[in-house]
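Here's a quick tour for anyone meeting this structure for the first time. Have the sequence and the 3D view open, and follow along topic by topic.

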Amino acid sequence: AQLGELNVATARAGQLRVDGDLGEWSGVRPQLLGDDASGSVALRLAQDGSGLFIAAAVHDDALVRSERPNASEDALILELALPHAGHRQLSELWLYAGELGRTRAQIALHAAPQRAAGVLAAPAQIVEGPLAGGYTIEAFVPWSMLAGGASFRYARARVRLHDVDRAGQPAHELASTNETTMERWPWLMIDQGPVAEIGRASCRE
């Protein structure tokens, strides 16, 4: 199943914590990509004005990872086409889950004209969590780390699940839209309601 537009809920400043526990996201309706237990994702997005929060439950029958993440490994990819310097600047965020005791979760940013991806450090954050038959990812990326990030309300976006079944084998992908031209991607739908459930949880603490 394809998603088309990607909905983004609104969070208050300091409301969300990146800790790998997606239970606090229950007030945000997941957007489903794929319907196969060997490769599918339930995606939730939110923003608080300073950056984008990403929560994903990924079903994958085999996680392929190494110490140095690359395109030959499993990843969730969020592509953002943002207005910048008179044109749209493409930023690809590759979200790599870690393996407990072996590798750590990382975010790699692919952005032209750079040839190589750069691994994002703080204040960007990413944490993986356990999930039967897969894994979870929770991440935060400040808009200021992305070219054109100040114009995030005018972003077009696409998400891809980059699935590698076995090391050394080619990946296959599921995409939220088959459109390959970023100027034709669906809009990133900002302010699609408050993150109400997280607000109630924060009040109880």
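In this predicted model, strand β11 is mostly covered, with eight of its nine residues buried.

**β11 and its partners**

- β5 pairs with β11 in the antiparallel sense, and nine bridges link the two.
- β10 and β11 make a hairpin with two residues between them. In the turn sits glycine 133, with a positive phi of about 75°.

**Nonpolar cores**

- The largest nonpolar core has 37 residues, and Leu80, Leu93, Ile107 and Leu188 are the members that touch the most others.
- Which strands each supply at least two residues of this core? They are β4 (39-47), β5 (51-60), β6 (75-84), β7 (87-96), β8 (106-111), β11 (134-142) and β12 (156-163).
- Another core, of 14 residues, lies apart from the largest one; Val28, Ala42, Ala55 and Phe140 are among its residues.

**The open sheet**

- Six strands form an open sheet in the order β9-β8-β7-β6-β12-β13, and the pairing is antiparallel.
- Which strands stand at the edges? β9 (118-119) and β13 (172-175) do; each has a single partner strand, so one side of each has no neighbour in the sheet.
- Four bridges hold the antiparallel pairing of β12 and β13.
- To find that pairing, look for histidine 162, which stands opposite glutamate 173 in β13.

**Aromatic pairs**

- How many aromatic pairs are there? The count comes to three.
- In one of them, the rings of tryptophan 94 and tyrosine 96 have centres 6.2 Å apart and planes at 25°; the angle is under 30 degrees, so the pair counts as stacked.
- Both of these residues are tucked away: tryptophan 94 is buried at a relative accessible area of 6%, and tyrosine 96 is buried at 1%.
- Tryptophan 143 and phenylalanine 152 are stacked as well, because their ring planes are at 5°, with the centres 4.5 Å apart.
- Are tryptophan 143 and phenylalanine 152 buried or exposed? Both are buried.

**The whole protein**

- Overall, the protein has one helix and 14 strands.
- Its radius of gyration is 16 Å, close to the 17 Å that the globule rule gives for 205 residues, so the protein is as compact as a globular protein of that length.
- Along the principal axes, the C-alpha atoms fill a box of roughly 45 × 40 × 35 Å.
- Buried residues account for 50% of the 205 residues.
- Take the contacts between residues at least 6 apart in sequence: 62% of them join residues at least 24 apart.
- The protein exposes about 9900 Å², and carbon and sulfur atoms supply 51% of that area.

Technical notes:
Residues are numbered from 1 along each chain as its sequence is written. This is a predicted model: local features need pLDDT of at least 70, side-chain atom pairs count only at pLDDT 80 or more; totals for chains, interfaces and linings use all residues. Side-chain values use heavy atoms; hydrogens and water are left out. A nonpolar core is a set of buried Ala, Val, Leu, Ile, Met, Phe, Trp, Tyr and Cys residues joined through side-chain atoms within 4.5 Å. Buried means under 20% relative accessible area, exposed over 50%, partly exposed in between (1.4 Å probe, protein chains only). Two strands pair if DSSP finds at least two bridges between them. The radius of gyration is taken over C-alpha atoms; the globule rule is 2.2 Å times the number of residues to the power 0.38. Contact means heavy atoms within 4.5 Å. Accessible areas come from the Shrake-Rupley method with a 1.4 Å probe; for residues, only the protein chains shown count as cover. Rings of Phe, Tyr and Trp (its six-membered ring) pair if their centres lie within 6.5 Å; planes under 30 degrees apart count as stacked, over 60 as edge-to-face and the rest as tilted.
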